[in-house]
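User: I would like to learn how to read the packing of helices and strands in a model such as this one. Could you take me through it feature by feature?

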Amino acid sequence: MPQKKYLVTGGAGYVGSVVAQHLLEAGHRVTVLDDLSTGFLEGVPAGAEFIEGRIQDAAKWLDSSYDAVLHFAAFSQVGESVVNPEKYWTNNVGGTMALLAAMRYAGVRKLVFSSTAATYGEPVSTPITETDPTAPTSPYGASKLAVDHMITGEAVAHGLAAVSLRYFNVAGAYGPSGNITCGERHDPESHLIPLVLQVALGKRESISVFGDDYPTPDGTCVRDYIHVADLAEAHLLALDAPTAGEHLICNLGNGNGFSVREVIETVRKVTGHPVPEVVAPRRGGDPAVLVASAATAHKLLGWQPSRADLAGIVSDAWAFARGRENAS
């Protein structure tokens, strides 16, 4: 495979850093653009060029030497987006609009965009397919859907070749040669697996289970977890999928669901630590089941997740969490 040059926006964040690492391992040149508002400098993989800056200013650095842009730079806290929606419209939508203009001016005509299952809102059926209605229930999801529409228009009008990848629940951690260095470190943390691991590490007394009366086998919500390394591999495949003027949209998930209590029990087994749980009231807007159909990604990208085992996902996340704890 010939070496290519890629700009990874948000490459100091969780998913962006893992994708940047995969691109480097494939022999490509990588530039990470991140303002470090939510990312971490130590997350930028060794071998990548780093630019501290905003996507709104991408035109300062983007030129025709780049083969494509992989776009991860976005605010992603659902709750925050409800109380501060303007932050999400300004950055996620306005920032992407500036990035698309910079790409057009530089003649960079290929894009892989980090979209989200939050574009669907409350599912009308399970598993969710790309043809299901999009009705986001938060400004975060709405901002991502708005960008998907923007990309479609850019593709039709200006010949952009683009893929939007709609993630479900990304989890796990990754590092070169088994040295796990890239994982979740959100502040504040809102994702279930790292929150349960914080209990195992003694940083929390218990984990809250928001509702145990859902119409699921054990009464708790069911979610589709995808290993971040599988996710990264989909991005590399997506770089070669679209043609000029085409915007593909693909769900990324395992097609299987695990309940909140299954995740907690798996953490207990992997870590050997008791994880006390406290049942709390349901949170508004939490669907009982969110599971993806990844048939489109398999058909169009040739992608198939290979790390679907929940214990393996939790084990990698646990290795990353312990590594950070030991280093602190």
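User: Which strands does helix 4 lie across, and at what angle does helix 4 run to strand 5?

Analyst: In this predicted model, helix 4 (residues 139-158) lies across strand 5 (110-116), strand 6 and strand 11, and its direction makes about 155 degrees with that of strand 5. Helix 6 also packs on the sheet, where it touches strand 4 (68-71), strand 5, strand 6 and strand 11, and runs at about 165 degrees to strand 6.

User: How should I read the sheet itself, and in what order do its strands stand?

Analyst: As a general idea, the strands of a sheet pair through backbone hydrogen bonds, in either a parallel or an antiparallel manner. Here seven strands make up an open sheet with the order 3-2-1-4-5-6-11, and the pairing is parallel. Strand 3 (49-52) and strand 11 (247-252) are at the edges with a single partner strand each, so one side of each has no neighbour in the sheet. On average, neighbouring strands of this sheet are turned by 20 degrees against each other, direction ignored.

User: How many bridges join strand 6 to strand 11?

Analyst: Strand 6 (residues 161-167) and strand 11 run parallel and are joined by six bridges. Arg-166 is found opposite Asn-251 in strand 11.

User: What does the crossing of helix 1 and helix 6 look like, and which residues make the contact?

Analyst: For a pair of helices one reads the approach of the axes, the angle and the handedness. The axes of helix 1 (residues 14-25) and helix 6 (residues 228-238) come within 9 Å and cross at roughly 60 degrees, and the two helices are therefore oblique to each other. Helix 1 passes helix 6 in a right-handed crossing. On the side of helix 1 the contact is made by Tyr-14, Val-15, Val-18, Val-19, His-22 and Leu-23, while helix 6 contributes residues including Val-228, Leu-231 and Leu-236. By class, the residues of this contact divide into 10 nonpolar, two polar and one charged.

User: At what angle do helix 7 and helix 9 cross?

Analyst: The axes of helix 7 (residues 260-271) and helix 9 (residues 310-327) cross at roughly 60 degrees and come within 9 Å, which makes helix 7 oblique to helix 9. This crossing is right-handed. Among the residues that meet are Val-263 and Val-267 in helix 7 and Val-314 and Trp-318 in helix 9, and the contact has seven nonpolar, three polar and one charged residues.

Terms used. Residues numbered from 1 in each chain as written. Predicted model: local features only at pLDDT ≥ 70, side-chain atom pairs only at ≥ 80, totals over all residues. Heavy atoms only, no water. Axes fitted to C-alpha atoms, helices over the stretch in contact; angles between N-to-C directions. Helix = DSSP H or I, 4+ residues; strand = E, 2+ residues; numbered from the N terminus. Parallel < 35°, antiparallel > 145°, perpendicular 65-115°, else oblique. Left-handed = near helix turned anticlockwise from the far one by under 90°. Contact = heavy atoms within 4.5 Å. Nonpolar A, V, L, I, M, F, W, Y, C, P; charged D, E, K, R; others polar. Pairing = 2+ DSSP bridges.
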